[in-house]
Amino acid sequence: MNLVKSKVVLLPCREYDEEKIYMLLKQGLDFLGGVETLIPKDAKILLKPNLLKKAEVEKAVITHPVVVGAFAGILRESGYENIVLADSCGHGTTQAVIRGTGMDTYLEKYHIPAVDYSEGVKTAYPQGVQAKEFILPKELLEQDCVISLSKMKTHALERITGAVKNSYGFIYGFHKAKGHTQYPSADSFARMLIDLNKCVAPKLYVMDGIVAMEGNGPGSGDPVPMNVLLMSTDPVALDSVFSRLVYLKPEMVPTNYHGEKMGLGTWKEEEITLLTPDGEISMAEAVKKYGNPAFNVDRTEVRKNIWTRMAGALNIFQKKPYIEADKCVRCGICVQSCPVPGKAVDFRKGKGKPPVYDYRKCIRCFCCQEMCPKKAIKVK
Ligand code: SF4
Ligand code: SF4
């Protein structure tokens, strides 16, 4: 049998140099058959970077503006006319998050509007395994295709956030928070993300891993150079290459595991062709050349047996968020971000003290940790 493999393009790149990134992305698109084979010329395109929250570009919270700008430039030069950029940000609007980052300057240069989503539309997805409907932004549904421009980062719930997880920004506004209560476990949340990726079906996934985020990601981790850009039409294959580069078994990432089971893509090495500007290379070679064994990511094996299931049900030995009081400025963003009715984190001791957790209510979605602007929330 002739197996059709997923192609992942790995483009080594050590700096956010616009010209260099532009050339590399162009080359990467050629490896995938050319942008015209992926997107019809008259298509209305939505660019979806990771715009989690307002943060300095150097902190590696958002997709780097130069990557977005270079990609937008390629699309414009290739004759694409209808392009917008948007994200359902964790905190703040698209326009507010990109203001002053340099992304706004690129968008002006290429006449690409930054869109703030205005309305959620109930969208049926009856074939979904975990989720049968989504509330998607009207402005997303008005486009013909989507290009995902993700950031390489760690994630407290899913271990990593990359191509598959970036799509959570297709969910409209506060329904994102609600999704965490509907799909509270790492597995159910991952399955919902797979359904969402299949429903929206981005045409292309690009990942900015020139400077990635390790440790307490996706909002409060540390920037670390990984010196790569990745591209693929298969988000699971792309995320599995990310996983391997940081010495994390790809099948330990719930979105990879369920993504393969649910037919979104593959994490299996033998089903992936890895292409670089120097030609095709093996995964082992790529890991040796571009991998980082010291990358700080959760590599703990999860044993699934009766005892671990019982411990999970009783909230024993589960990861949990906690606040480092000396870093907390009592802004209340964690409280606002908590999707649990009645709040699992709140100013129970008054506004003069840091918020306090009620771990019996907490569903471990880690939205509070994602959104804290002062890196005051850690996970243990
Ligand atoms: S978001 Fe962070 S800084 Fe703000 S109150 Fe919560 S823990 Fe404190
Ligand atoms: S306290 Fe934090 S981790 Fe717990 S449910 Fe609320 S936002 Fe999620």
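In this predicted model, residue N227 has its place in strand β10. The phi angle of N227 is near 60°, a positive value in a residue other than glycine. N227 is also buried, because its relative accessible area is 17%, and the cut-off for a buried residue is under 20%. The loop between β9 (204-214) and β10 (222-232) contains P218. G217 and P218 are joined by a cis peptide bond, with an omega of about 10°.

A positive phi occurs at R364 as well, where the angle is near 60° in a residue other than glycine. R364 is found in the loop between β15 (356-357) and α15 (367-371). With a relative accessible area of 8%, R364 is buried.

Two packed helices are described by the angle between their axes and the distance between the axes. For α10 and α11 the angle is about 145°, and the axes are 10 Å apart. The crossing in which α10 passes α11 is left-handed. On the α10 side, V236, D239, S240 and S243 meet T255, N256, G259 and E260 of α11. The residues of this contact comprise one nonpolar, five polar and two charged.

Within α11 (residues 254-261), the buried residues are P254, T255, N256, H258 and G259. Their cover includes α7 (163-166), α9 (186-200) and α10 (235-245). Just after α11, G263 adopts a positive phi of about 80°.

Finally, ligand 1 has a surrounding shell that includes C328, C331, C334 and C372, together with R330. By class, this shell has nine nonpolar residues, one polar and one charged.

Conventions:
Residues numbered from 1 in each chain as written. Chains lettered and ligands numbered in written order. Predicted model: local features only at pLDDT ≥ 70, side-chain atom pairs only at ≥ 80, totals over all residues. Heavy atoms only, no water. Buried < 20%, exposed > 50% of the residue type's maximum accessible area, 1.4 Å probe, protein only. Helix = DSSP H or I, 4+ residues; strand = E, 2+ residues; numbered from the N terminus. Contact = heavy atoms within 4.5 Å. Near = heavy atom within 4 Å. Nonpolar A, V, L, I, M, F, W, Y, C, P; charged D, E, K, R; others polar. Axes fitted to C-alpha atoms, helices over the stretch in contact; angles between N-to-C directions. Left-handed = near helix turned anticlockwise from the far one by under 90°.
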